[in-house]
Amino acid sequence: MRFVGKKVIITGGSSGIGKSAAKIFAKEGADITIVARRENVLQEAVSEISSHLASKDQGIDYKSVDVSDWEKVSAFASEYASNRGAPDIIINSAGISHPGYFEEIPYEVFQRVMDIDFFGVVGMCKAFVPLMKERGGYIVNISSIAGFLGVFGYSAYCPAKFAVFGFSQVLRSELKKYNIHVSILCPPDTDTPQLEMENKIKPEETRAISGNAGVMSPDDVAKVMVNGMLRSKPVIVPGLNGKFVLYASRWIPSVVEWVMNREIKRFS
Ligand SMILES: NC(=O)c1ccc[n+]([C@@H]2O[C@H](COP(=O)([O-])OP(=O)(O)OC[C@H]3O[C@@H](n4cnc5c(N)ncnc54)[C@H](OP(=O)(O)O)[C@@H]3O)[C@@H](O)[C@H]2O)c1
């Protein structure tokens, strides 16, 4: 019970990795607020997460906010502050993906992905860090393996996740003085509604490349994330394959490129 009484906000907490994380924090005795856009999905998630609460004294609620809308995020932070003060933990899991061939992805999609996946994270940090710096806390920003490796088909998604990676490294360094820890979570393909949607539209080349890395469950990814938080790991990469890709992309990038090109060539 390492998170008893901690106040946790999880964007994207109504689904996938965010919802799995919320269930872990519920079992650990935390007070949880999940954030997403669709109210009905949030309500269903709250009742699912409630069944994992360790005690009746814990709180679980939701807030419908589009994280790409800075004014709404800022208003949410003010409301949260006046009702509860500062959160202890923020998990920025809200995100979307839109795989496809660069030439076929509309310009607006590049902007939308960046608005949610990157500026959504910046907005949450900008709104809540001023509250958190009094007492310290923890922020986890969810990037991806596509946040350190450019992968065929992810010309809209990779840049947003690379941006989350760089932003979080800076934040980790700048917020240390306030005792606010920052970690970057880089999951591999994870069995969630996002992956299900991606699988309907991703190019064959992308499917072949990511097929090499396997798929994890959101519960396992969330478990690795929480264990990583307990050790304040700067970069948390769930799964052996993901870790291998991280080290290979840093130390033997030409081999990684060769492996990816070999898959891509099969379709030309
Ligand atoms: N699944 C994977 O294979 C995988 C791999 C690597 C990284 N990731 C990253 O992990 C994170 C979680 O992904 P997931 O697979 O768990 O996705 P998911 O199951 O599709 O859940 C996404 C969550 O984000 C919320 N969301 C989306 N846009 C939002 C917005 N503008 N404002 C507020 N909430 C928003 C969704 O709810 P609403 O739609 O109701 O807003 C939902 O709760 C994402 O950042 C994703 O990019 C996923």
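Biologist: What should I know before I start?

Modeller: Residues are numbered from 1 along each chain as its sequence is written. The model is predicted, so local features need pLDDT of at least 70 and side-chain atom pairs count only at pLDDT 80 or more, while totals for chains, interfaces and linings use all residues.

Biologist: How many helices and strands does the chain have?

Modeller: Both are DSSP runs, numbered from the N terminus: helices are H or I with at least four residues, strands are E with at least two. Here there are 10 helices and 7 strands.

Biologist: What radius of gyration does the chain have?

Modeller: The radius is taken over C-alpha atoms, and the globule rule is 2.2 Å times the number of residues to the power 0.38. For 268 residues, a compact globule would come near 18 Å; the chain has 18 Å, which agrees. Its C-alpha trace spans about 60 × 35 × 30 Å along the principal axes.

Biologist: How do I read burial, and what share of the chain is buried?

Modeller: Count the other C-beta atoms, placed from the backbone, within 10 Å of a residue's own: 20 or more is buried, 12 or fewer is exposed, and in between is partly exposed. Of the 268 residues, 43% are buried.

Biologist: Which residues of α3 are buried?

Modeller: V73, F76, A77 and Y80. The arc is that of the directions from the helix axis to the C-beta atoms. These residues cover only 100 degrees, which puts them on the same side of α3. The face turned away from that side carries the exposed E71, S78, E79 and S82.

Biologist: Is V164 buried or exposed?

Modeller: V164 is in helix α5 (residues 157-175). It is buried, with 25 other C-beta atoms within 10 Å. Leaving aside neighbours within four places in sequence, its contacts include D117, F118 and V121.

Biologist: Which residues are closest to the ligand?

Modeller: A residue counts as near if its C-beta atom, placed from the backbone, lies within 6 Å. The ligand is surrounded by 32 residues, the closest being G12, G16, R37, G95 and T192. Elements giving two or more residues to this shell are α1 (16-27), α4 (107-132) and α6 (193-201).

Conventions
Contact = placed C-beta atoms within 7 Å.
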